[in-house]
Amino acid sequence: MMQLKKYLGPLNRNNPITIQILGVCSALAGTAQLKPAVVMCISVAVVCAFSNFVISLLRNTIPPRVRIIVQLLIVATFVILVDQVLQAFFYEISKMLSVFVGLIITNCIIMGRLEAFALANRPLPSAIDGLANGIGYGLVLIIIATVRELLGSGTLWNYRIIPETFYQNGYINNGLMVLPPMALIIIGVIVWIQRSANKELQEEY
Amino acid sequence: MRKFSNTYIFIYITVIVVAVATLLSLAATLLRPYREANIKNETMAQILTAANYIHQDKKEIPHLFSEVATESEVGDIHFFSVNTSDGRLLYVVPVAGKGLWGPIWGYIALSEDLKTVEGAVFSHKSETPGLGGEIAKDAFSSSFKGKSLFDEEGNFISIKVVKTKTDDSRNNEVDALSGATITSRGVEEMLYRCLPEAIKAIQASTIQSQIQQTQTKE
């Protein structure tokens with residue numbers, strides 16, 4: 001039970017975005033619509049899980065002096081593979097995400113998990129830890145993207161949610177929602193809600 | 001902590017790099033046909049969009065393209081003759097130039113008399129999202145629709161991408177993108193450079209086909 005709780009930490013109490021405030025850049029850029037956000041979330045989870053697994057397998061052979069280089073190599077490999085697969089089979093989405101797939105390499109969540117977890121734990125727990133962190137990151141992305149797409153474009157997953165009659169009666173999409181700054185504000189709101197629900201997350205001043 | 005010798009580190013890194021490189025080149029080679037098919041499909045979609053076929057089903061594009069468009073070649077210049085849904089003939093010509101960070105390109109649909117722009121599509125490799133990247137949006141490309149390329153005396157005046165429309169009496173000015181001066185200039189430059197060549201090529205090929213037609217009649 002303790003074990004399980006530790007792994008589920010990233011989903012709420014130890015969420016990479018809202019608690020550790022990591023990976024915020026891609027959370028701002030890729031979340032104007034739900035579809036690219038979900039693809040981004042899957043990509044990050046896959047890269048995080050696999051690189052955690054591989055680094056954990058190699059952990060006793062990696063010379064500490066070059067461990068960051070080895071980590072970068074492994075992460076970059078998985079990111080390029082994911083990018084290639086997206087370009088081959090999900091071309092539209094890969095164009096929408098453009099540089100941000102490549103930038104998964106620099107996502108602090110992944111390097112952070114490699115350093116903090118994979119180098120000191122066995123492969124299977126490491127893979128689960130990577131997956132849980134990827135999902136924790138993805139959950140926040142999906143919440144942001146849902147709010148932004150619904151209020152910014154009136155759609156979800158490109159299906160119209162807000163009916164035409166609303167527009168005929170003067171409803172207008174919130175243009176600010178489509179722009180990155182609004183994602184930052186939504187993250188702020190999520191952090192606020194999460195901390196007011198969990199008293200122990202609040203810091204003393 | 002275990003000590004690692006320099007030799008060990010050197011060999012270790014070499015082995016990992018070689019393994020990773022092999023894996024990646026294998027993946028790139030295996031996936032290349034899919035990527036190329038996607039790019040080809042996108043080009044066809046862009047040509048059709050320039051000719052005002054909008055919101056086509058992605059799977060329909062190759063079929064539709066082969067039905068309504070034919071590619072011709074004069075010298076180095078390619079162009080496409082596209083029959084529109086309302087029965088007109090448009091010439092779609094590719095243009096290519098430089099943006100701020102990398103190449104930009106597009107497809108311009110010209111009316112049958114080659115005097116008016118009937119539609120345009122632009123694309124880019126690495127312009128800044130939200131600034132220069134906006135050239136790929138409808139809002140920018142649709143402003144080219146209906147613009148004329150020649151003045152009243154029949155001189156080529158191209159299309160000016162300007163900050164403020166000063167005097168649009170010749171109907172050849174479109175609004176530049178704010179925050180993207182260099183990309184906007186790039187668009188203007190590539191139209192100015194590529195369109196006259198393309199127009200000449202199309203004229204040459206139509207004259208040629210007319211001669212052929214009269215010869216076969218005789």
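A salt bridge is a side-chain nitrogen of Lys or Arg within 4 Å of a carboxyl oxygen of Asp or Glu. The legends below apply this term to a predicted model.

**Figure 1. The salt bridge between chain A and chain B.** Between chain A and chain B the count is one salt bridge. Its partners are B:Glu42 and A:Lys95, whose side chains meet with an N to O distance of 2.3 Å. Side chains of opposite charge can pair when their charged atoms come close. Across the interface of chain A and chain B there are also eight residue pairs in polar contact.

**Figure 2. The side of chain A that touches chain B.** Two elements of chain A, helix H4 (67-89) and helix H5 (91-97), each give two or more residues to this side. The largest share, 11 residues, comes from H4(A). Sorted by class, the side of chain A that touches chain B holds 14 nonpolar, five polar and three charged residues.

Figure 3. The size of an interface is often given as the accessible area lost when the parts come together. Here, the area buried between chain A and chain B is about 2100 Å². Carbon and sulfur atoms give 71% of that area. Chain A brings 22 residues to the contact, and chain B brings 23 residues.

**Figure 4. A:Leu73 and its partners in chain B.** A:Leu73 belongs to helix H4 of chain A. Leaving aside residues up to four places away in sequence, A:Leu73 touches B:Ile16, B:Val17 and B:Val20. The C-alpha atom of A:Leu73 is separated by 26 Å from that of A:Asn15, which is 58 residues apart from A:Leu73 along the chain.

**Figure 5. The packing of H3(A) with H4(A).** Two packed helices are described by the angle between their axes and the distance between the axes. Helix H3 (residues 34-58) of chain A packs with H4(A) at an angle of about 145 degrees, and their axes are 9 Å apart. The crossing of H3(A) and H4(A) is right-handed. Residues making the contact include A:Val46, A:Phe50 and A:Val54 of H3(A), and A:Ile74, A:Phe78 and A:Val82 of H4(A). By class, the contact of H3(A) with H4(A) has 14 nonpolar, three polar and no charged residues.

**Figure 6. A salt bridge within chain A.** Over all chains, the whole structure has nine salt bridges. One links A:Arg13 with A:Glu200, whose closest N and O atoms are 2.7 Å apart. A:Arg13 lies in the loop between helix H1 (2-8) and helix H2 (24-29) of chain A, and A:Glu200 in the segment after helix H10 (180-197) of chain A, so the pair ties together parts that are 187 residues apart in sequence.

Notes. Residues numbered from 1 in each chain as written. Chains lettered and ligands numbered in written order. Predicted model: local features only at pLDDT ≥ 70, side-chain atom pairs only at ≥ 80, totals over all residues. Heavy atoms only, no water. Contact = heavy atoms within 4.5 Å. Buried area = accessible area lost by both parts, 1.4 Å probe. Polar contact = N/O pair within 3.5 Å; in protein donor to acceptor, adjacent residues only side chain to side chain. Helix = DSSP H or I, 4+ residues; strand = E, 2+ residues; numbered from the N terminus. Nonpolar A, V, L, I, M, F, W, Y, C, P; charged D, E, K, R; others polar. Axes fitted to C-alpha atoms, helices over the stretch in contact; angles between N-to-C directions. Left-handed = near helix turned anticlockwise from the far one by under 90°.
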